[in-house]
Amino acid sequence: MWFLRRMLRIPWTAKKTNERVLNEANTRRSLVRTIRKRQATFLGHVMRRGKLEHLVTIGKFEGKRSRGRQREKIMDGLATWLGTGKVLDTLAAVKDRDL
C-alpha cells in the first residue's frame with residue numbers, strides 16, 4: 001500500500017482508504033492468494049513424495065499442549081481456503097496436481 005500511494009502521489013496525510021487507493025490503481029490484493037497457492041503446491045509436493053516431510057505434516061506430537069490459543073496449522077488454513085472443510089478432503093485434493 002505504501003508503494004501504491006507513492007506511485008499515485010497520494011500524501012500520507014490524505015484520508016483515503018486502502019480500498020480507494022486500490023481502486024485508483026486498478027489493482028487488487030493478491031498476497032494472501034499467492035501465499036495459499038504456494039502452500040498448496042508445496043503440500044502437494046510433500047504428500048506425493050511420501051517421505052519424512054509427509055510424516056511431519058500429518059503426524060501428531062506426543063506430550064502436553066502449550067497454554068493459550070492454539071496456533072493455526074497449515075492444513076486448517078488450506079482446508080478453509082480450498083473450501084473442503086475437512087483435512088482428509090484437503091489431502092485428497094492436494095494430491096491431484098491438476099486440481
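Which residue lies in the segment before α1? That residue is Met1, and it makes a handy starting point for a walk through this predicted model. Residues are numbered from 1 along each chain as its sequence is written, and side-chain values use heavy atoms, with hydrogens and water left out. As this is a predicted model, local features need pLDDT of at least 70 and side-chain atom pairs count only at pLDDT 80 or more, while totals for chains, interfaces and linings use all residues. Helices here are DSSP runs of H or I with at least four residues, numbered from the N terminus.

**The start of the chain**

- Met1 counts as partly exposed because its relative accessibility is 34%; buried means under 20% relative accessible area, exposed means over 50%, and partly exposed is in between, with a 1.4 Å probe and protein chains only.
- Met1 and Asn18 are 17 residues apart in sequence, and their C-alpha atoms are 7.0 Å apart in space.
- Leaving aside neighbours within four places in sequence, Met1 is in contact (heavy atoms within 4.5 Å) with Asn18, Val21 and Leu22.

**Helix α1 and its surface**

- Phe3 has its place in helix α1, which covers residues 2-7, and Phe3 counts as exposed because its relative accessibility is 54%.
- Trp2, Phe3, Met7 and Leu8 form a nonpolar patch on the surface, with about 500 Å² of accessible area together.
- Such a patch is made of residues with over 30% relative accessible area and no salt bridge, with nonpolar side chains (Val, Leu, Ile, Met, Phe, Trp, Tyr) joined within 5 Å; the areas come from the Shrake-Rupley method with a 1.4 Å probe.
- Arg5 is also placed in helix α1; Arg5 is buried yet has no salt bridge, and Glu24, the nearest side chain of opposite charge, is 8.4 Å away.
- Beyond the neighbours within four places in sequence, the contacts of Arg5 include Ile10, Ala14 and Lys16.

**Salt bridges**

- The structure holds 2 salt bridges, each being a side-chain nitrogen of Lys or Arg within 4 Å of a carboxyl oxygen of Asp or Glu.
- Lys16 pairs with Glu24 in a salt bridge, where the closest N and O atoms are 2.9 Å apart.
- Lys16 is partly exposed at 25% relative accessibility, and Glu24 is partly exposed at 35%.
- Arg29 forms a salt bridge with Glu19, with the closest N and O atoms 3.8 Å apart.
- Arg29 lies in the loop between α2 and α3 and Glu19 in helix α2, so this pair ties together parts that are 10 residues apart in sequence.

**Positive phi angles**

- Most residues other than glycine have a negative phi.
- Arg9 has a positive phi near 60°; Arg9 lies in the loop between α1 and α2 (18-24).
- Asn26 has a positive phi near 55° and is found in the loop between α2 and α3.

**The nonpolar core**

- The largest nonpolar core has 7 residues: Ala40, Leu43, Val46, Met47, Met75, Leu78 and Leu91.
- The elements giving two or more residues to this core are α3 (31-49) and α5, and α3 gives the most, with 4 residues.
- A nonpolar core is a set of buried Ala, Val, Leu, Ile, Met, Phe, Trp, Tyr and Cys residues joined through side-chain atoms within 4.5 Å.
- In helix α5 (residues 74-82), Met75, Gly77, Leu78 and Ala79 are buried.
- Not counting residues up to four places away in sequence, Leu78 touches Arg36, Gln39, Ala40, Leu43 and Thr90.

Key: Patches are made of residues with over 30% relative accessible area and no salt bridge: like charges are joined within 9 Å, nonpolar side chains (Val, Leu, Ile, Met, Phe, Trp, Tyr) within 5 Å. Lys and Arg count as positive and Asp and Glu as negative; His and the chain ends are not counted.
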